[in-house]
Amino acid sequence: MSSGYVGRAEIGFVAVNEKFYVGFGPESDVRVHRDETRERDDAGLLGGWNVQTVRVAVRLSNLGGTKREIAITERIP
C-alpha cells in the first residue's frame, strides 16, 4: 500500500438515508462520510424553469498518527 494504488471497489444501489460502509482494507484509521441534500424549485403558473440543486459533502478523516495522501473520485451519472 505504500507504493500507491490499492484497488477498486464498486458500490451498488444505496437507498436514501440508508447507511453503508466503505472499507480501505487494513487501514482502519481512515474513514469517509458522504452527505447529500437536494432542493427543487418548480416553475410558476406562467411557466419558467424547474431547478434542482444537489449539494454533496464528502468528509475524509485520518484517525491515525501518520500522514496519508488519498484521492477520492465520485462519478456522476
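Is Val-32 buried, partly exposed or exposed? I looked up its relative accessible area, found 33%, and so noted Val-32 as partly exposed. The classes are buried under 20% relative accessible area, exposed over 50%, and partly exposed in between (1.4 Å probe, protein chains only).

The model is predicted: local features need pLDDT of at least 70, side-chain atom pairs count only at pLDDT 80 or more, and totals for chains, interfaces and linings use all residues. Residues are numbered from 1 along each chain as its sequence is written, and side-chain values use heavy atoms, with hydrogens and water left out.

Next I looked up where Val-32 sits, and found it in strand E1 (residues 30-41). Strands (E, at least two residues) are DSSP runs, numbered from the N terminus.

I then turned to the salt bridges (a side-chain nitrogen of Lys or Arg within 4 Å of a carboxyl oxygen of Asp or Glu). I noted four of them by this rule.

One of them pairs Glu-36 with Arg-34, with the closest N and O atoms 3.0 Å apart. Glu-36 is partly exposed, because its relative accessible area is 31%. Arg-34 is also listed as partly exposed, because its relative accessibility is 37%.

Glu-36 also meets Arg-38 in a salt bridge, at 2.8 Å from N to O. Through shared partners, salt bridges join Arg-34, Glu-36 and Arg-38 into one network.

My last entry is the salt bridge between Asp-42 and Arg-40, 2.8 Å from N to O. Both Asp-42 and Arg-40 are exposed.

Note on methods: Helices (H or I, at least four residues) and strands (E, at least two) are DSSP runs, numbered from the N terminus.
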